[in-house]
Amino acid sequence: MENREKLIVRASWVSIVGNALLSVLKIVVGFWAGSLAVVADGIDSAGDIIASVITLITAHVVTRPPDLKFVYGYERADTIASKILSFIVFFAGAQLAISTIHRLTEGISLEIPSMMAIYVTIFSISGKAFLAWYQYRIGKKTGSLMLQANSRNMLGDVIISLAVLTGLFFTFLLKMPVLDTVTALLVSIWIMYVAFKIFRESSIELMDAVEDESIYDRIFSAISRVEGASNPHRARVRKIGHQYMVAIDVEVDGDISVNKAHQVAHQVEEQIRAELSDVYDVLVHTEPIGDDGTEEKFGISQENLQKLKKKKK
């Protein structure tokens, strides 16, 4: 695969240039055409420029090698960047909501926007759809949470632009300029919702949780293929950037040599790496059969995994 940093940097520059063009176009045309909804759409695109700049900076940070202070490396800078992005997006949405509510409550005189507002919105939908697809494709290829968050934000922009287009259509059809302002308010609410989703997803990773809970079934399945390894327990999985960090305890015959126990542990690691893609590291602790540390508070065993599944049903 092409260098991960280069792919992320390229995707970031495509996003910056594309969003800059769309943002300037929508803000200028929105003011000229008298459409607050189009201006709001342009402000949202301006937020995407900031997001892409953050991604660009993050791409250089995450590639730094581990050091004495950050022994696990800098991969989680990607997650922190997603958290920052969520605050920026939410602030933009909140400011827009305040402006539109003020406009509606103060009874400011409204006029029917120019038809140019519709043309620029249609162009924006096409451009944003391409940018969202491109960011998502590179985000999945590189495993970048930040790019994937950015792509979802842009997909939300496509929906926003469609809402703006619908609002403009009814504004012209019904000759009611207030609909343009109402559309801008709905856009602001959507922006804040997208920000909340990005915040939630980045929080999951920072709390050392995993979205895909089936990963534990896959780990236990992989260990079942290793002769001499039994009762896998205290399984703990967390993500560092786009990679999995796995820690697990397995039981082995207490009478075998240290070398043999080490071989079993090494085979467990190999099977887990074969089962999961993007593994950062696997830590395997071996202990004699019967000494499963049931008093331990942390981790997942096959037994309690089944109990947890039953509770969810």
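Student: Why is the pairing of Glu 269 with Arg 273 called a salt bridge?

Tutor: In this predicted model, the closest N and O atoms of Glu 269 and Arg 273 are 3.1 Å apart. The cut-off between a side-chain nitrogen of Lys or Arg and a carboxyl oxygen of Asp or Glu is 4 Å. The value of 3.1 Å falls within 4 Å, and therefore the pair is called a salt bridge. Both residues lie in helix α8, four residues apart, which is about one turn of the helix.

Student: Why is Arg 273 called partly exposed?

Tutor: The relative accessibility of Arg 273 is 34%. Buried requires under 20% and exposed requires over 50%. The value lies in between, so Arg 273 counts as partly exposed.

Student: What makes the span of helix α8 close to the expected one?

Tutor: Helix α8 covers residues 258-275, which is 18 residues. The expected span is 1.5 Å times one less than the number of residues, and for α8 this gives 26 Å. From its first C-alpha to its last, α8 reaches 26 Å, close to that expectation.

Student: How do you know that the buried residues of α8 are on the same side?

Tutor: The buried residues of α8 are Ala 261, Val 264, Ala 265, Val 268 and Ile 272. They cover an arc of only 95 degrees around the axis, and therefore they lie on the same side of α8. The face turned away from this buried side carries the exposed residues Asn 259, His 262 and Ala 274. The buried residues pack against α7 (215-223), β2 and β3 (279-288).

Student: With which residues does Asp 249 form salt bridges, and what are the distances?

Tutor: Asp 249 forms a salt bridge with Arg 234, with the closest N and O atoms 3.1 Å apart. That pair links distant parts of the chain, Arg 234 being in β1 and Asp 249 in β2, 15 residues apart. Asp 249 also forms a salt bridge with Arg 236, at 3.6 Å between the closest N and O atoms. Here again distant parts are linked, with Arg 236 in β1, 13 residues from Asp 249.

Student: Are Asp 249 and Arg 236 to be called buried or partly exposed, and why?

Tutor: Asp 249 has 3% relative accessibility, under the 20% limit, and therefore counts as buried. Arg 236 has a relative accessible area of 29%, between 20% and 50%, and is therefore partly exposed. Arg 234 is buried.

Student: What makes Ser 86 a buried residue?

Tutor: The relative accessible area of Ser 86 is 3%, under 20%, so Ser 86 is buried. Ser 86 lies in helix α3 (residues 77-105). Its side chain reaches the backbone oxygen of Lys 83 at 2.5 Å. Leaving aside neighbours within four places in sequence, Ser 86 is in contact with Ala 195, Ile 198 and Phe 199.

Key
Residues are numbered from 1 along each chain as its sequence is written. This is a predicted model: local features need pLDDT of at least 70, side-chain atom pairs count only at pLDDT 80 or more; totals for chains, interfaces and linings use all residues. Side-chain values use heavy atoms; hydrogens and water are left out. Helices (H or I, at least four residues) and strands (E, at least two) are DSSP runs, numbered from the N terminus. Buried means under 20% relative accessible area, exposed over 50%, partly exposed in between (1.4 Å probe, protein chains only). The arc is that of the directions from the helix axis to the C-beta atoms. Contact means heavy atoms within 4.5 Å. A polar contact is a pair of N or O atoms within 3.5 Å; within protein, one must be able to donate a hydrogen and the other to accept it, and residues adjacent in sequence count only if both atoms are side-chain atoms.
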